[in-house]
Amino acid sequence: MTDTAQYGFDTLQVHAGARPDPATGARQTPIYQTTAYVFRDADHAAALFNLQEVGYIYSRLTNPTVAVLQERIATLEGGAGAVCCSSGHAAQILALFPLMGPGRNVVASTRLYGGTVTQFSQTIKRFGWSAKFVDFDDLDAVKAAIDDDTRAIFCEALANPGGYITDLDAIAPIAEEAGLPLIVDNTSGTPYLCRPIDYGATLVVHSATKFLTGNGTVTGGAIVDSGTFDWSASGKFPSLSEPEPAYHGLKFHETFGPLAFTFHSIAVGLRDLGMTMNPQGAHYTLMGIETLSLRMQRHVENAVKVASWLETHPAVEAVTYAGLPSSPYHERVARICPKGAGALFTFALKAGYEACVKLVDSVELFSHVANLGDTRSLIIHSASTTHRQLTPEQLEAAGAAPNVVRLSIGIEDADDLIADLDQALAKATA
Ligand SMILES: *Cc1c(COP(=O)(O)O)cnc(C)c1O
């Protein structure tokens, strides 16, 4: 598929980036299970190594199966290019890598996936980077947190664990005015529900582990580059605007224009950090994306049904799902994710910690796992699992109070999911 502009989302999720295999005519994208590629001759090899010609050298950098997935994700997100990598967490490091340096910081939303909070508050310090966490509903606080060392603004579109939608319409102009790239984690939204680049995001990151693959088989990640950011305007992004010593002084922005970030992430990021996606993983994710819109429609439909039912249950204190009219973020659905508020949400029981533990032990159809975005419905009690090291105050701040349970609603029959929760709630509160 060459001209993608004329096609709708459902067509692009099946076809974008793919073409019949030039060697065999194979209609499905082959898994190119190879480490290296034969050079035509020494001149060809030299041109590839100098980035004068685009082609395949070694699968740590590029692979034809992974390349199809990159083009497909870039197309669905409306970006200029994309780079796939080994996990969602790898995507976050790769996204920050060309922007940051010792002493630099990222201004990040307080409402992030728990693993991202740990990566940003602890691990990136080892690189001399830091994160400043602020409430992204407080626009003045976001502006005030930006200083001369800030190199990126980071948030999730539909924030994990649920009920929160970032007002990208309000955040993107703040990043633009500050001359900083806005990075949006769109894992929970997927490009079917939300396209952050349409609102002004510079980069979109994904954990392909979740809804993109959709069935709990793969660990993978992606970074989509909008291609719209001027990396040379401020002098703040020398990795992209200044001569790169490892490529004979090549300047990425000057040479590759809107694909500067994408080329840098492959030629320097993957080359030297090595967080590569394997071709088998790319194949599974391509399979998953073929049905993305169909699955997301059902995920959302089921989430609305289950959340609405839970809200009326006498044992339930509260349900935080932006798809419910009772949510303070309900107004943002029509603006930011008009096809639905995703399939992740939390609910609180009137009874406390022990009842939640009994609940996760009593479900039969829901699986008690630390994952989300699966065809199967998943449940977790954060306070006794992923967040058990936190203090009561930290639990409250993370939206993971002792009586809160998180659901990731799958694509099963909604009536069966409700029946399962009904019997488990009866046991938990008996
Ligand atoms: C799971 C997740 C990540 C991390 O992705 P991995 O593939 O597990 O490394 C990052 N952000 C969000 C929103 C996630 O749900």
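Which domains supply at least three residues each to the lining of the largest pocket? In this predicted model, the lining draws at least three residues from each of domain 1 (9–288) and domain 2 (292–428).

The largest pocket holds about 1200 Å³ of space. Its lining counts 44 residues. Pro161, His387, Ala398, Gly399 and Ala400 lie nearest the centre of this pocket. Five elements each give at least two residues to the lining: helices α5 (114–121) and α16 (392–397), and strands β10 (316–320), β11 (344–349) and β14 (404–408). Of these, α5 gives the most, with four residues. By class, the lining of the largest pocket has 23 nonpolar, 17 polar and four charged residues.

The second largest pocket has a volume of about 740 Å³. Here 30 residues form the lining. Nearest the centre of the second largest pocket are Val54, Gly55, Thr62, Phe263 and Ile266. Helices α2 (42–49), α3 (64–77) and α11 (260–273) each supply at least two lining residues, and so does strand β1 (81–85). The top contributor is α3, which gives six residues. The lining of the second largest pocket divides into 19 nonpolar, six polar and five charged residues.

Rolling a probe the size of a water molecule over the atoms shows where empty space is left. Across the whole structure, the search finds two cavities of 30 Å³ or more. The second largest cavity has a volume of about 40 Å³. Its lining consists of Ser59, Leu61, Thr62, Asn63, Val66, Gln70, Cys84, Leu270, Thr276 and Met277. Five of these residues are nonpolar and five are polar. None is charged.

Aromatic rings were considered next. The structure contains 14 aromatic pairs. In one of them, the ring centres of tyrosine 164 and tyrosine 329 lie 4.7 Å apart. Their planes meet at 70 degrees, and an angle over 60 counts as edge-to-face, so this pair is edge-to-face. Tyrosine 164 belongs to strand β6 (residues 164–165), while tyrosine 329 sits in the loop between β10 and α14 (330–336). The pair therefore ties together parts that are 165 residues apart in sequence. Both tyrosine 164 and tyrosine 329 are buried.

A second pair joins tyrosine 247 and phenylalanine 252, with ring centres 6.1 Å apart. The planes of these two rings stand at 80 degrees, so the pair is edge-to-face. Tyrosine 247 is buried, as is phenylalanine 252. Ring pairs also build a cluster. Its members are Phe229, Trp231, Phe237 and Phe261.

Charged side chains meet rings as well. Lysine 210 lies over the face of tyrosine 113, at 4.7 Å from the ring centre. Lysine 339 places its charged end over the ring of tyrosine 192. The distance from that charged end to the centre of the tyrosine 192 ring is 4.6 Å.

Notes:
Residues are numbered from 1 along each chain as its sequence is written. Side-chain values use heavy atoms; hydrogens and water are left out. On a 1 Å grid over the protein atoms alone, a cavity is a set of points where a 1.4 Å probe fits but cannot get out, and a pocket is an open set with protein on both sides within 12 Å along at least five of seven lines; lining residues have an atom within 4 Å of a point. Grid points are joined across faces, edges and corners, and a volume is the space filled by probe spheres set on the points. Ala, Val, Leu, Ile, Met, Phe, Trp, Tyr, Cys and Pro count as nonpolar, Asp, Glu, Lys and Arg as charged, and the others, Gly among them, as polar. Domain bounds come from an automatic or database domain assignment. Rings of Phe, Tyr and Trp (its six-membered ring) pair if their centres lie within 6.5 Å; planes under 30 degrees apart count as stacked, over 60 as edge-to-face and the rest as tilted. Buried means under 20% relative accessible area, exposed over 50%, partly exposed in between (1.4 Å probe, protein chains only). A charge sits over a ring if NZ of Lys or CZ of Arg is within 6 Å of the ring centre and within 35 degrees of the ring normal.
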